[in-house]
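Have the chains open and follow along.

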Amino acid sequence: MNIITNKRFNETIYEQKVSSELKVVVIHKPGYVGSSALIATPFGGMHNKLTDQNGNIIDILPGSAHFLEHKLFESEEGDIMTAFTEVGASVNAFTSYEETVYFFSTSNEIETPLNMLLDFVSNLQISEDSVEKEKGIIIQELRMYAQMPDARLVNETYRSLFVEHPFSNDIGGTEESVTAITKQHLEQCYKLNYHPQRMLLVVATGESPQRIFDIVENNHASKSFDDAPVVESVKITEPGHVFREYHEFQLDVQSLKSTVTYKINHTMQNESDRKKAEWSLRLLMEATFSALNPAYQDWMDEGLVSDFFGFEVDLGEGYGLLMFYNETEDSSSFVEFLDKEIKNSSISDSTLQQLKRRYIGQAFRSLNDLEDMAISYIRSTFAKADFFESLTWVEDITLYDIENSRSLIDLGNRCIVSLKKSKTS
Amino acid sequence: MKRIKIQENLNLCIINTGKFKDISFSFRFLSKTSEKDATIRALLASMASDRNEKALTKVEMTRLSDQLYGSYVDVRNTGFGEAICTEFKTKVLNGKYVNQPVILDGFMEWMLDMIRYPLINEETLKEAKKNTRSILIRSLDNPMQFAMKKAFEIAGKGYPLSVNIQGSLDMLDVIGVEDCKFYHQNMIENMRLDIFVVGDVEENEIIERIKGSFLYRGRENVSTMYRIPSQISESVELSRKMDQSNLILIYNPQVIPTDKDYWPLRVAMTAFGSLPSSLCFTEIREKRSLCYTIGAQMITFDGVGFVYTGIDADQADTVEQLIDMQIESVRSGELSDSLIDASKKMMINSIRQIEDDASAIINYYYQIFLIGRYNSKEEIISDINAVTPLEIKDVFAKMTKVTRFLLKGDAEHEHHN
């Protein structure tokens with residue numbers, strides 16, 4: 001058992017691999033009455049091409065990871081969600097671009113629901129009929145998000161920004177791709193991505209870590225697993241340019257919104273390098289485009305930015321973006337404003353120290369919630385980063401780093417997306 | 001948990017725990033609701049969070065906030081039946097993590113200033129109106145939120161259920177600076193105030209600081225729970241150019257938390273539509289694939305319940321009939337013992353898990369105080385456990401449908417490739 005104690009954050013984490021090669025992590029939270037257990041696979045909405053040990057490329061239909069998440073709750077023995085509720089545990093799952101996570105929380109004893117979680121994730125039981133039936137539910141889900149203005153705006157922005165990267169697809173896929181998914185396709189996705197060796201179990205609990213390891217060991221010792229598939233996600237070569245520079249779409253809404261997104265091209269391979277560059281850009285943008293900047297009040301008064309205005313920075317493996325969003329009909333003035341202010345952006349040492357203080361406070365607060373902490377741990381692990389180090393990356397950022405990060409922005413390499421009002425409404 | 005009455009209708013509740021990294025504070029002012037009051041409160045909430053008379057600019061307020069490791073005051077309004085509550089909520093990092101006794105050094109003063117000295121003038125009101133208008137319009141753009149609001153307006157016409165707690169677009173233009181100042185003064189001087197502190201604190205110190213502050217005075221209470229009289233069922237449809245339709249059904253069992261059949265109703269509603277194993281979820285989503293979202297909830301202090309779902313327009317009648325059938329099956333006593341037990345377990349699980357989330361602790365105890373029926377969680381758990389199938393059957397007989405609202409999607413399905 002590997003024990004990691006972080007004195008500064010006053011947290012202790014226990015890690016152990018059980019005999020099935022599943023890595024089990026216990027975030028020990030004495031004093032908490034509840035427990036949350038999350039089991040994750042690094043298979044999400046962006047994994048649309050996998051390669052096996054022979055170099056064969058396996059195409060994955062958009063939305064497959066999400067479809068599989070829906071279907072894993074099916075069992076010949078009865079409904080899995082019902083079984084969890086019967087023992088007083090609340091079970092759920094989510095699919096992101098990077099991973100799929102199944103989880104439960106309970107204030108009752110943990111052994112039964114933990115065994116149930118391990119059981120249902122280890123056993124895909126689906127029929128042709130049930131796969132067909134699920135398509136109706138998933139299509140309703142896609143339509144729900146498609147008519148939510150903010151979700152749709154982000155989706156359309158990604159579709160404009162990326163040429164090859166699977167971020168251009170919705171995590172749930174399209175109605176066409178969902179319709180094309182078959183039982184065999186889901187079984188193949190499952191076989192390739194749900195082996196214990198590829199997965200990670202994180203339990204945040206006040207229970208004894210050794211007891212958790214014993215429960216998992218006993219559960220997996222009673223199961224037989226095939227050999228672990230040698231499978232990797234195919235590296236995506238994303239072109240440097242945006243897919244479309246301008247795009248507008250319509251919804252029956254009153255609030256008209258726009259995004260302006262600068263595509264960031266970088267070659268950073270290491271997660272900590274990327275995230276430090278991301279922090280550097282974020283801090284520069286925060287100093288410029290928030291209430292820290294005295295001009296911000298004037299911008300609000302003049303209507304250049306609304307209360308909806310904000311930005312996102314994301315630097316991942318093979319992609320990067322700096323996205324601004326605002327409630328405005330006039331996207332050209334918005335772009336002009338952003339270009340000018342990005343050129344003029346600056347940060348003083350005192351503002352940098354002020355922001356570091358804010359974000360360190362936020363890092364401490366992020367450790368209050370069992371599920372949030374477990375999800376952060378999963379994401380750090382899948383990104384090959386150290387969880388506790390990731391909490392304090394912001395402290396390492398210097399003015400020099402921030403100045404360097406500015407060169408990542410190419411003002412000419414951007415896309416604009418506008419949400420317009422439907423003509424008939 | 002200790003509730004200390006330090007003045008008439010001024011209560012302090014301290015939950016002393018060291019398990020969180022920060023200390024949460026919540027100041028909750030309560031008064032009767034009306035469309036105008038809700039709008040003034042929405043404007044106050046907008047004005048009170050990013051500046052005050054001592055920190056005149058957003059820049060200065062941000063600086064003070066970041067000195068406290070990113071503490072900020074979140075001001076929000078919540079309806080509790082006939083009453084509306086304005087909450088000033090903030091958290092401060094426990095000083096032991098940064099070798100600084102943060103709570104003693106300026107935090108309390110900063111927080112109390114935020115409540116006492118919001119910057120209310122023509123300029124800030126103009127900005128608040130603009131922001132409130134944007135928030136209201138945005139919520140209309142969200143089909144499900146819009147559908148729920150319209151359904152509540154219809155079902156609660158003439159009653160607090162119809163009041164939009166985010167304010168009214170029509171009222172925004174008639175409210176002036178003096179209205180806001182007067183309302184704020186009245187709030188901090190006269191309205192019932194419940195203060196919650198969750199974290200690692202010295203109780204006596206908190207008590208003394210509150211006693212030494214402007215908040216320490218007798219206050220006026222108001223009633224919260226009420227029943228909407230029996231109504232004739234109304235059905236309304238609106239259309240919007242979109243793919244999906246949103247169906248909202250409102251029921252008026254006229255059961256409030258002080259009634260003996262309140263917990264039977266809650267258990268029944270959980271089994272009917274609040275669990276992934278509930279009747280609605282199983283029969284409409286899982287068996288027939290007619291929707292992705294479906295659920296049932298209570299609006300506790302107004303004594304009503306509702307079902308919401310997102311469906312295809314041409315399935316609206318089928319889905320409504322299926323929901324009616326589920327109601328009927330509960331009324332006729334067909335709810336299985338296992339689903340009743342599971343519902344109880346899940347409700348009890350939620351109550352116990354509250355202890356792991358500071359905001360949930362505060363929300364939970366505040367409701368308990370307003371209801372005034374319980375002294376501990378264990379009493380509630382015992383009442384939940386005591387609910388019988390017969391009580392469930394009887395209380396569901398009161399589930400009269402009073403409103404059907406359909407926001408009908410009339411667009412051709414778009415395909416996004």
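Two strands pair if DSSP finds at least two bridges between them. Helices (H or I, at least four residues) and strands (E, at least two) are themselves DSSP runs, numbered from the N terminus.

## Before you start

This is a predicted model, where local features need pLDDT of at least 70 and side-chain atom pairs count only at pLDDT 80 or more, while totals for chains, interfaces and linings use all residues. Residues are numbered from 1 along each chain as its sequence is written, and chains are lettered from A and ligands numbered from 1 in the order in which they are written.

Six bridges tie β12(A) to β14(A) (residues 319–326), and the two run antiparallel. Within that pair, A:Val260 sits opposite A:Phe324. β12(A) also has six bridges to β15(A) (residues 414–421), again antiparallel, and there A:Ser258 faces A:Ser418.

How many of the seven residues of β12(A) are buried? Seven of the seven, where buried means that 20 or more other C-beta atoms lie within 10 Å of a residue's own, exposed means 12 or fewer, and partly exposed is in between, with C-beta atoms placed from the backbone. Both faces are covered: A:Lys257, A:Thr259, A:Thr261 and A:Lys263 are on one side, with A:Ser258, A:Val260 and A:Tyr262 on the other.

## Chain A as a whole

Chain A has 15 helices and 15 strands, and its C-alpha trace spans about 65 × 55 × 45 Å along the principal axes.

Buried residues make up 49% of the 425 in chain A. Counting contacts (C-beta atoms, placed from the backbone, within 7 Å) with a separation of 6 or more, 81% link residues 24 or more positions apart.

## Where the chains meet

The contact between the chains takes 58 residues from chain A and 54 from chain B. On the chain B side, α2 (58–67), β5 (83–93), α4 (122–141) and α12 (337–353) each give two or more residues. α12(B) gives the most, with eight.

Apart from neighbours within four places in sequence, B:Ser134 is in contact with A:Ser255, A:Ser306, A:Asp307, A:Phe308 and A:Glu327.

## Inside chain B

Chain B is assigned domain 1 (2–211) and domain 2 (234–409), with bounds that come from an automatic or database domain assignment. Their centres, taken over C-alpha atoms, are 29 Å apart. In all, 25 residues of domain 1 are in contact with 26 residues of domain 2. On the domain 1 side, α5(B) gives the most, with nine residues.

Which residues of α15(B) (residues 389–396) are buried? They are B:Ile392, B:Val395 and B:Phe396. These cover an arc of only 95° around the axis, so they lie on the same side of α15(B); the arc is that of the directions from the helix axis to the C-beta atoms. Their cover includes α9 (262–274), α11 (316–331) and α12 of chain B.

Terms used. Two residues are in contact if their C-beta atoms, placed from the backbone, lie within 7 Å.
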